[in-house]
Amino acid sequence: MEQVSIVKCDNYQQRQVYESLSKSIRLLGGMERFVKPGMRVLLKCNLLMRKKPEEAATTHPEVVAAAARLVKEAGGHPIIADSPGGLFTERALRGVYHACGMEEIAARDDIELNYNVEDIEVSHPQGRIVKSLTVIKAIEEVDAVINIAKLKTHGMALYTGAVKNLFGVIPGTAKAEYHLRMKKLEDFSDMLLDISTYVKPVLSIMDAIVGMEGQGPSAGDPRRIGAVLASTSPYHLDTVCVSLVGIEPDKVCTIRRAEKRGLGSNLEKIILAGDSLEELRIQDFKIPTHTHVGFIEQYFDEDSPIAQFINTRFGPRPVFNHEGCIGCRDCEKNCPPEAITMVNRKPVVDLKLCIRCYCCQELCPQKTVDIKRSWLFQLFR
Ligand code: SF4
Ligand code: SF4
């Protein structure tokens, strides 16, 4: 049976975070169980985009600093890395590291930041839906990966945590191809599980001190949860994390699929260590109101004309608020099916092409992309 540790942590003060994370990992056997002297260890954080730590869209730098310190104490060499949305270039990485607070902790604590922007094609014969992957080369040049995710809601997937965080090993705009190839949520979730089984993090950590509720993963609201969690299994960690914020694990496709594939299991079969999940549970965590159209596919084939008609006319869709839009074109450049065109420097979407991946909402720096659904859709639902 897999173990997940959960430890209270009220704030991001350096000492408090270190003590809580240290306790959480000690409950799993200590960092020495995962990191041996001389190992190079990639800390795969969630650095989605240029966001300040207090906006709660990215892994908080103090959680990363605490993990790096524990790796060093075990004799390892930590390297902070991620491939954020948009272009995977050294310049883009510098901007993200600076905004997300990684540059500051790297200088303060002498931690290496990854600037290798090469990618590499790897084979993954055990993959269920993808047998080969294009990944950032940095991941191939280390001895171990520690996955450090942020607990957030997600427009398409409902929740994003440990498994989804590993999608960040796909370089920059190549992520769009994966969205295009795996349009159905079930397929996309299986692809995420394939990435996770390829990366095989030795340890997964969840920054749930302040998470994001509402319109996550970037346009939602920070919400204090007050815990750090850790596990050797990203699948079991996600099951506990969604339970912590009152989401039924079954409602999250990656968790459902992981259980079906024998990677995850239900909450009753997970050994919890540390503080009480019940006591820390948030009852009124706001989850997205517009989540994926999946239920229509329970009745009609997704590609059938009727399903397409219902989805196009009444289903959830991205809506662009032109008033707040600065015309940066990030949504247009990152739209997998190229459904967005700029008219007078404002985005206009062709809903017939839109695959409802919500990358435009995820990557809009101005939070001017909303996801709406009609009253008829809500009634139907
Ligand atoms: S318009 Fe937005 S939701 Fe639709 S396909 Fe493009 S990025 Fe995805
Ligand atoms: S990403 Fe946001 S701000 Fe930039 S063009 Fe699109 S809607 Fe406007």
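Helix H8 (residues 234-244) is mostly covered, with eleven of its eleven residues buried; buried means that 20 or more other C-beta atoms, placed from the backbone, lie within 10 Å of the residue's own. Helices (H or I, at least four residues) and strands (E, at least two) are DSSP runs, numbered from the N terminus. This is a predicted model, in which local features need pLDDT of at least 70 and side-chain atom pairs count only at pLDDT 80 or more, while totals for chains, interfaces and linings use all residues. Residues are numbered from 1 along each chain as its sequence is written, and chains are lettered from A and ligands numbered from 1 in the order in which they are written.

**Helix H8**
- The buried residues of H8 include Pro234, Tyr235, His236 and Leu237.
- Glycine 246 follows H8 and has a positive phi, near 75°.

**Strands around S9**
- Strand S9 (residues 203-213) is mostly covered: eleven of its eleven residues are buried.
- Strand S7 (residues 144-154) pairs with S9 in the parallel sense over six bridges, where pairing requires that DSSP finds at least two bridges between two strands.
- Isoleucine 148 is opposite isoleucine 205 in S9.
- S9 and strand S10 (residues 221-231) run antiparallel and are joined by nine bridges.
- Methionine 206 is opposite leucine 229 in S10.

**Nonpolar core**
- The largest nonpolar core has 105 residues, and Leu43, Val64, Ala67, Val228 and Leu229 have the most contacts inside it; such a core is a set of buried Ala, Val, Leu, Ile, Met, Phe, Trp, Tyr and Cys residues joined through C-beta atoms within 7 Å.
- Helix H2 (residues 61-73) supplies the largest share of this core, eight residues.
- The core lies between domain 1 (3-280) and domain 2 (294-380), because both give residues to it.
- Alanine 67 touches Leu21, Leu43, Ile146, Ile148 and Ile205, not counting residues up to four places away in sequence; contact means C-beta atoms, placed from the backbone, within 7 Å.

**Domains**
- The domain assignment gives domain 1 (3-280) and domain 2 (294-380), with bounds from an automatic or database domain assignment.
- The centres of the two domains, taken over C-alpha atoms, are separated by 27 Å.
- In the contact between them, 16 residues of domain 1 meet 17 residues of domain 2.
- Helix H6 (residues 174-181) gives the most to the side of domain 1 that touches domain 2, with three residues.

**Ligand 2**
- Of the 13 residues around ligand 2, Cys325, Cys328, Asp330, Cys331 and Cys364 come nearest; a residue is near if its C-beta atom, placed from the backbone, lies within 6 Å.

Notes:
A residue is buried if 20 or more other C-beta atoms lie within 10 Å of its own, exposed if 12 or fewer, and partly exposed in between; C-beta atoms are placed from the backbone. Two residues are in contact if their C-beta atoms, placed from the backbone, lie within 7 Å.
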